[in-house]
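Have a look at the model first, then read on.

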Amino acid sequence: MSDSKEEKVLNVPNRLTIMRIILIPIFLLILVLPLNWGTVTWLGTSIPVTHVWGALIFAVASITDFLDGQIARRQHLVTNFGKFADPLADKMIVMTAFILLVAMNAVPAWGVAIIVCRELAVTGLRLIVVETGGRVLAAAWPGKIKTTTQMVGIILLLLNNIGFGAINVPMALIFFYVCLFFTIYSGIDYFVQNRQVFAESSAE
């Protein structure tokens with residue numbers, strides 16, 4: 001690889017994406033290993049220190065997910081590596097978080113199964129759209145709500161519904177179910193918007 005091509009691949013957005021991928025195993029190990037780091041109490045909520053670190057890592061990953069896309073578009077630094085790795089890194093850390101939350105009995109397995117199936121289905125559709133020469137649509141408002149609620153919901157779930165447990169409001173689960181609704185809605189909407197892909201293939 002020439003120096004110019006290497007510099008293009010290793011631009012700032014892609015470095016942020018690589019950092020997010022590196023954070024995934026750290027996030028996983030902190031929450032899976034039997035680390036006795038004790039607990040802390042904030043706003044009347046007792047939280048394992050490992051969960052605090054997990055929430056912090058997830059928050060940092062979420063911020064880099066927003067930043068790398070913004071920088072890439074504004075500075076015209078979009079690369080094939082970024083197109084591949086950015087959405088992959090996003091899905092990897094979100095799916096990892098949800099699976100861990102199922103193991104912690106924090107969210108229902110059936111809900112996470114729906115989210116995983118939706119992500120796989122939309123990813124598969126995007127591949128078909130690209131292969132048939134179509135244009136991958138940017139995230140519409142339902143998809144943006146889905147992304148926002150899942151990020152906030154995961155952090156609240158990791159932090160044991162901090163700030164809301166004392167007033168008996170299950171805000172973390174509310175965010176999860178709102179996320180689940182928009183996961184289904186945005187998935188259906190994406191298939192409807194790209195229905196011509198199936199019409200073209202059947203016409204052939």
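**Helix packing and a cavity**

Helix α6 (residues 141-158) and helix α7 (residues 171-193) have axes that come within 8 Å and cross at roughly 155 degrees. Keep in mind that this is a predicted model, where local features need pLDDT of at least 70, side-chain atom pairs count only at pLDDT 80 or more, and totals for chains, interfaces and linings use all residues. Residues are numbered from 1 along each chain as its sequence is written, and side-chain values use heavy atoms, with hydrogens and water left out.

**α6 against α7**
- With axes being lines fitted to C-alpha atoms (for helices over the stretch in contact) and angles running from 0 to 180 degrees between N-to-C directions, α6 and α7 are therefore roughly antiparallel to each other; that label is for angles over 145 degrees.
- α6 passes α7 in a left-handed crossing, a term used if the near helix is turned anticlockwise from the far one by less than a right angle.
- On the α6 side, the contact (heavy atoms within 4.5 Å) is made by W141, P142, G143, I145, K146, T149, Q150, V152, G153, L156 and L157.
- From α7 come M171, A172, L173, F175, V178, C179, F182, T183, Y185 and S186.
- Sorted by class, the contact of α6 with α7 has 14 nonpolar, 6 polar and 1 charged residues; here Ala, Val, Leu, Ile, Met, Phe, Trp, Tyr, Cys and Pro count as nonpolar, Asp, Glu, Lys and Arg as charged, and the others, Gly among them, as polar.

**α4 against α6**
- The axes of α4 and α6 come within 11 Å and cross at roughly 35 degrees, and the crossing is left-handed.
- D90, V94, A97, F98 and L101 of α4 touch Q150, M151, I154, L157 and L158 of α6.
- That contact counts 8 nonpolar, 1 polar and 1 charged residues.

**α3 against α4**
- α3 and α4 pack with axes 11 Å apart, at an angle of about 160 degrees.
- That makes α3 roughly antiparallel to α4, and their crossing is left-handed.
- F58, A61, D65 and D68 of α3 meet D86, D90, I93, V94 and A97 of α4.
- There are 5 nonpolar, no polar and 4 charged residues in this contact.

**The cavity**
- Searching the whole structure turns up 1 cavity of 30 Å³ or more; a cavity is a set of points on a 1 Å grid over the protein atoms alone where a 1.4 Å probe fits but cannot get out, and lining residues have an atom within 4 Å of a point.
- The largest cavity holds about 40 Å³ of space, a volume being the space filled by probe spheres set on the points, which are joined across faces, edges and corners.
- Its lining consists of R20, F58, A61, S62, D65, A89, D90, I93, V94 and M151.
- α3 (49-74) and α4 (80-103) each supply at least two residues of that lining; helices are DSSP runs (H or I, at least four residues) numbered from the N terminus.
- The lining of the largest cavity splits into 6 nonpolar, 1 polar and 3 charged residues.

Definitions and conventions
1 Å grid on protein atoms, 1.4 Å probe; cavity = no way out; pocket = protein on both sides within 12 Å on 5 of 7 lines; lining within 4 Å. Parallel < 35°, antiparallel > 145°, perpendicular 65-115°, else oblique.
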